[in-house]
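Dear colleague,

I am passing on the structure we spoke about, and my notes on it follow below. Please read them with the coordinates open beside you.

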Amino acid sequence: MTAEPARDPGLQPERTRLAWRRTTLSGTVAAVLAVKTALHGGATVPGVLVCALCVALWLGFLLVAHRRIHTLASAPAPVALTPRQAAAAVLCTVALAACAAAVVF
């Protein structure tokens, strides 16, 4: 009998880290554009509240992404994303998109 070879992850962890970084950059652009649009006609209470919400959601996603990137960099084999982290990332992403859409309309 032959033993199965050890798993060779290749470049998969690096591709995953880069994908998290790209997603974080996209979220940053969306948050900045939402803030710019909300404050374009002058600072109003609803505009400032939407800006604060966009920034809070962006920071939440940034935290999740940073933790995931750090986990991928420190572990020899990729560790699965926990359901809590996945839910937080999805919630922040969808809510940020909803805020950006609300600002446009």
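A52 counts as partly exposed because its relative accessibility is 46%, a value that falls between the 20% under which a residue is called buried and the 50% over which it is called exposed. Please keep in mind that this is a predicted model. A52 lies in helix α2, and its C-alpha atom is separated by 15 Å from that of V29, a residue 23 positions away along the chain.

Helix α2, which covers residues 45–74, also holds R68. Here the picture is one of a charged side chain that is buried and yet has no salt bridge, since the nearest side chain of opposite charge, that of E14, is 15 Å away. Once the neighbours within four places in sequence are set aside, the residues in contact with R68 are W20, V79, A80 and L81.

As for the chain as a whole, its secondary structure consists of three helices and zero strands, which gives the pattern α-α-α when read along the sequence. The C-alpha trace spans about 75 × 20 × 20 Å along its principal axes, and the radius of gyration is 18 Å, whereas a compact globule of 105 residues would have one near 13 Å.

Of the 105 residues in the chain, 22% are buried, and carbon and sulfur atoms account for 70% of an accessible surface of about 7,400 Å². Among the contacts in the chain with a separation of 6 or more, 74% are between residues 24 or more positions apart.

Definitions and conventions. Residues numbered from 1 in each chain as written. Predicted model: local features only at pLDDT ≥ 70, side-chain atom pairs only at ≥ 80, totals over all residues. Heavy atoms only, no water. Helix = DSSP H or I, 4+ residues; strand = E, 2+ residues; numbered from the N terminus. Buried < 20%, exposed > 50% of the residue type's maximum accessible area, 1.4 Å probe, protein only. Lys, Arg positive; Asp, Glu negative; His and termini not counted. Salt bridge = Lys/Arg side-chain N within 4 Å of Asp/Glu carboxyl O. Contact = heavy atoms within 4.5 Å. Rg over C-alpha atoms; globule rule 2.2 N^0.38 Å. Areas by Shrake-Rupley, 256 points an atom, 1.4 Å probe, with all protein chains shown as cover.
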